[in-house]
Amino acid sequence: MSNKIIFTNEAPAPIGPYSQAVLAGNTLYVSGQIALDAETGELINENITEETHAVMKNLEAVLRTAGFTFGDIVKCSIFIKNMDEFGTINEAYGQYFKSNPPARETVEVSKLPKNVNVEISCIAVK
């Protein structure tokens with residue numbers, strides 16, 4: 001089985017030696033996305049709700065490019081700088097999974113790339 005690298009200009013370009021996503025068979029592994037505007041490279045972080053929606057928009061762009069949707073996601077990993085913002089992040093995140101949400105963990109970390117407040121990665125299967 002060969003892997004296919006997934007790239008779209010609709011999501012931020014990688015800021016290191018990694019791919020936006022890798023399709024291995026029928027499984028898509030999407031790298032952690034942060035709230036960078038794909039066109040301007042600027043952070044979208046006026047508040048944690050806006051930042052979370054920007055992250056989800058970037059995930060959606062990568063998923064769509066590979067022919068997947070949020071409904072295909074089986075696992076998400078959420079990394080946040082402040083667990084006190086968990087409820088607000090969860091509320092925004094939950095809008096993308098109305099039924100049958102994927103498995104998930106949420107972990108508080110001391111620092112994230114570009115000092116963002118939230119980063120989310122996922123695994124999707126067709």
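I began with K75 and E105, whose side chains meet in a salt bridge at 2.7 Å, N to O. I count a salt bridge when a side-chain nitrogen of Lys or Arg is within 4 Å of a carboxyl oxygen of Asp or Glu. K75 lies in strand β4 and E105 in strand β5 (residues 103-108), so the pair ties together parts that are 30 residues apart in sequence. Helices (H or I, at least four residues) and strands (E, at least two) are DSSP runs, numbered from the N terminus. K75 is partly exposed at 26% relative accessible area, and E105 is partly exposed at 31%. My classes are buried under 20% relative accessible area, exposed over 50% and partly exposed in between, with a 1.4 Å probe and protein chains only.

Two notes on the source. The model is predicted, so I kept its limits: local features need pLDDT of at least 70, side-chain atom pairs count only at pLDDT 80 or more, and totals for chains, interfaces and linings use all residues. Residues are numbered from 1 along each chain as its sequence is written, and side-chain values use heavy atoms, with hydrogens and water left out.

How many salt bridges does a search of the whole structure find? I found three.

One of them joins the side chains of E10 and R64 at 2.4 Å, N to O. E10 is in the loop between β1 (3-6) and β2 (21-24), while R64 is in helix α1 (residues 48-65), so this pair ties together parts 54 residues apart in sequence. E10 is partly exposed, with a relative accessible area of 45%; R64 is also partly exposed, at 45%.

K126 and D72 also form a salt bridge, at 3.5 Å, N to O. This pair links distant parts of the chain, 54 residues apart: K126 sits in the segment after β6 (118-125), and D72 in the loop between α1 and β4 (73-80). Here K126 counts as exposed at 53% relative accessibility, whereas D72 counts as buried at 15%.

Next I followed strand β3 (residues 27-33). Six of its seven residues are buried. I take two strands as paired if DSSP finds at least two bridges between them. β3 runs antiparallel to β2, with four bridges joining them, and L28 of β3 stands opposite L23. The β2-β3 hairpin has two residues between the strands, and G25 takes a positive phi near 65° there. β3 also pairs with β6 in the antiparallel sense, over five bridges, with L28 opposite A124 in β6.

L28 came up again in the largest nonpolar core. A core here is a set of buried Ala, Val, Leu, Ile, Met, Phe, Trp, Tyr and Cys residues joined through side-chain atoms within 4.5 Å. Of its 29 residues, L28, V30, L63, I73, V118 and I120 touch the most other members. β2, β3, α1, β4, α2 (86-94) and β6 each supply at least two residues of this core. The largest share, eight residues, comes from α1.

Last, the largest pocket holds about 190 Å³ of space. Of the 13 residues lining this pocket, E10, D37, A38, K57 and N58 are the closest to its centre. A pocket is an open set of points on a 1 Å grid over the protein atoms alone, where a 1.4 Å probe fits, with protein on both sides within 12 Å along at least five of seven lines; lining residues have an atom within 4 Å of a point. Grid points are joined across faces, edges and corners, and the volume is the space filled by probe spheres set on the points.
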